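Hi,

Here is the structure I promised to pass on. Have a look first, and my notes follow below.

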Amino acid sequence: TPTSEKTTWDGQHQSYTANILFEEVEIKEYLQAQQVASIVHSALTPGAAIFSLPRKHFDDHTEAYSLFETTIDPVLGGAFNPLSLRGTRSRNDLVVSMKFMDELATKEALEVGVELQGVNYKVIPYWEKVNVSALTHVNIPLPTFHEATSELLQHIQQSISHYRKVVQIRQLLRRGYFEGEISVLLDRSDEGLQYQELQRMFYLDAWCFKW
């Protein structure tokens, strides 16, 4: 679960976890590709399949290689690139890049994936370019939020869609409790559509406040 830290009004530092209420499939893949791009500083191989698996399930990371080849297809040249081991930071996930001998195997990996400890993991699609500048995060403290999660989600989507395309909505939880603050990810890539200008003060259908 993603964790972030922020400073409260009295100067204290508090950690928050994020509970995803809504996320487009495309943006999930986009963010996964962005994560991979932050690990490596060179271009990825076009057509490569990239998997991200919890490292705790393997005594040695090479055990994952056998899983990929026996479950999906033999890998071209028997070559694997453990991307997550190339960086200086310690990571909980094992991120591996490979290219299957059969190109159709990559499609299978995208649609079916591999199963590990009862959880299905699918390949991270190859992105030729990750356009980080097209995404904007907006943190919103809701003045009223005592309603069912489904209703809350509907109000947020209807209101903020006037400003940009909403691709992700997360609740910020303090020790597992929701205190009314949400984080919204907006896609600004389609400037051809008519959106209202996003300013520090703006009106929402359900609420009007400053952020």
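When I say contact, I mean heavy atoms within 4.5 Å. This is a predicted model, so local features need pLDDT of at least 70 and side-chain atom pairs count only at pLDDT 80 or more, while totals for chains, interfaces and linings use all residues. Residues are numbered from 1 along each chain as its sequence is written, and side-chain values use heavy atoms, with hydrogens and water left out.

The overall picture: the protein has four helices and 12 strands (DSSP runs, H or I of at least four residues for helices and E of at least two for strands, numbered from the N terminus). Of its 211 residues, 38% count as buried (under 20% relative accessible area; exposed is over 50%, partly exposed in between, with a 1.4 Å probe and protein chains only). Among contacts between residues at least 6 apart in sequence, 67% join residues at least 24 apart.

Three strands make an open sheet in the order 3-5-4, with antiparallel pairing (two strands pair if DSSP finds at least two bridges between them). Strand 3 and strand 4 are at the edges with a single partner strand each, so one side of each has no neighbour in the sheet. From one strand to the next, the twist averages 25 degrees (axes are lines fitted to C-alpha atoms, and angles run from 0 to 180 degrees between N-to-C directions). Strands 4 and 5 are joined by four bridges, and phenylalanine 80 stands opposite methionine 98 in strand 5.

Serine 52 sits in strand 3 (residues 49–54) and is buried, at 18% relative accessible area. Leaving aside neighbours within four places in sequence, serine 52 is in contact with Asp93, Leu94, Val95, Tyr121 and Ile124.

Helix 2 (residues 63–71) has Ala64, Tyr65, Leu67 and Phe68 as its buried residues. Down the helix axis they fall within an arc of 160 degrees, so they line one face of helix 2 (the arc is that of the directions from the axis to the C-beta atoms). They pack against strand 3, strand 4 (75–82), strand 5 (93–100) and strand 6 (114–116).

Finally, there is one salt bridge (a side-chain nitrogen of Lys or Arg within 4 Å of a carboxyl oxygen of Asp or Glu). Lysine 165 and glutamate 24 form a salt bridge at 3.6 Å, N to O. The two are 141 residues apart, with lysine 165 in strand 9 (residues 165–174) and glutamate 24 in the loop between strand 2 (13–23) and helix 1 (25–39). Lysine 165 is partly exposed, at 39% relative accessibility.

Cheers
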